[in-house]
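Thanks for passing this one along for a look.

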Amino acid sequence: PKRPKQPPLPLRPSTPALLMLRLASSRSAALGAAATRTQQPMSIRLVRVARAHSTQAVDEDEVAPVRPEISQAANMMDIGTRRIFNEEHDAFRETCRKFYAEHIVPHSGAGGEWETQQHISREAWLKAGEYGLLGINCPEKYGGLGASILEAAISWEECMYAEGSPSGPGFALHSDICIPYILHYGTEAQKEQWIPGMC
C-alpha cells in the first residue's frame, strides 16, 4: 500500500538568523521605549531612577557623568569617551598618545630613519619600557604594570591612532604574545630571569 504523503517540515531559521531576529525585535522595542521617554538630561534621568529605587535622598552632584560612546563624540580620537573606560584610563591614554607622538612617529613612516635601517631603534624600546608600555598587563612582581586588558587595548589603539599608524614597533606582539607564553608556561626561575628585562 502507498504511504500518505507527509507535509514538508516547516523551515526553521538557523541559530544566527534567530539571534538577528531577536536582536532586531529587542532593538525596536528599546527604540520605541526611548521615543516615548521625555527628553531630559541623562543626570536627571539617573537621579530619578535612583530615587525610584531607593528610600534615601540622592544629591544630583553624586551622580557620575555619563561618558559618550565613540559614535556620539565629535572625533573618534577624543579622550573621555566610551563607558568601559574611566579617568585613569584617560590619563594612560594621554601618556600613550604623547609617547607615540614624541618617540615613534618622528622616526617611522616612508623615508623615516627606521624605514631606511629596516628596524626600530633600541632606544625606542627602552623608552617604551620607561613609559610602562611593555608588559602592561604583566604582574608588577615581574616588572609589568599589573594593569588590565583595557590598558593594553588603549596602547594598541593609540599606536594605530598615531600619525601614519606605525606598525613597526611591535610592542603588542612583544607584550601580549611573547611575555604571556613565559608567564603562563615558564617556571618561576624562568619568569624571574626573563620577564623583568622584557618589561
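Predicted model: local features only at pLDDT ≥ 70, side-chain atom pairs only at ≥ 80, totals over all residues.

1. The contact draws on Thr 95, Lys 98, Phe 99, Glu 102, His 103 and Ile 104 from α3, and on Ala 124, Lys 127, Ala 128 and Tyr 131 from α5. By class, the residues of this contact are five nonpolar, two polar and three charged.

2. The geometry of that pair is worth a look on your screen. Helix α3 covers residues 87–104 and helix α5 covers residues 122–131; their axes come within 11 Å, with a crossing angle of roughly 160°. Because angles over 145 degrees count as roughly antiparallel, α3 is roughly antiparallel to α5.

3. The crossing of α7 with α8 is left-handed.

4. Which residues make the contact of α7 with α8? On the α7 side they are His 174, Cys 178, Ile 179, Ile 182 and Leu 183, and on the α8 side Gln 190, Lys 191, Trp 194, Ile 195 and Met 198. This set divides into seven nonpolar residues, two polar and one charged.

5. A word on the cysteines. How many disulfides does the structure hold? The count is zero. For Cys 96, the nearest cysteine sulfur belongs to Cys 159 and lies 9.7 Å away; a disulfide needs the two sulfur atoms within 2.5 Å, so Cys 96 is in none.

6. Are Cys 96 and Cys 178 buried, exposed or partly exposed? Cys 96 has a relative accessible area of 0% and is therefore buried. Cys 178, one of the α7 residues in the contact with α8, has a relative accessibility of 34% and so counts as partly exposed.

7. Finally, the overall picture. The chain has eight helices and zero strands, which gives the pattern α-α-α-α-α-α-α-α when read along the sequence. Of its 199 residues, 28% are buried. If you count contacts between residues at least 6 apart in sequence, 49% of them join residues at least 24 apart.

Methods. Residues numbered from 1 in each chain as written. Heavy atoms only, no water. Axes fitted to C-alpha atoms, helices over the stretch in contact; angles between N-to-C directions. Helix = DSSP H or I, 4+ residues; strand = E, 2+ residues; numbered from the N terminus. Parallel < 35°, antiparallel > 145°, perpendicular 65-115°, else oblique. Contact = heavy atoms within 4.5 Å. Nonpolar A, V, L, I, M, F, W, Y, C, P; charged D, E, K, R; others polar. Buried < 20%, exposed > 50% of the residue type's maximum accessible area, 1.4 Å probe, protein only. Left-handed = near helix turned anticlockwise from the far one by under 90°.
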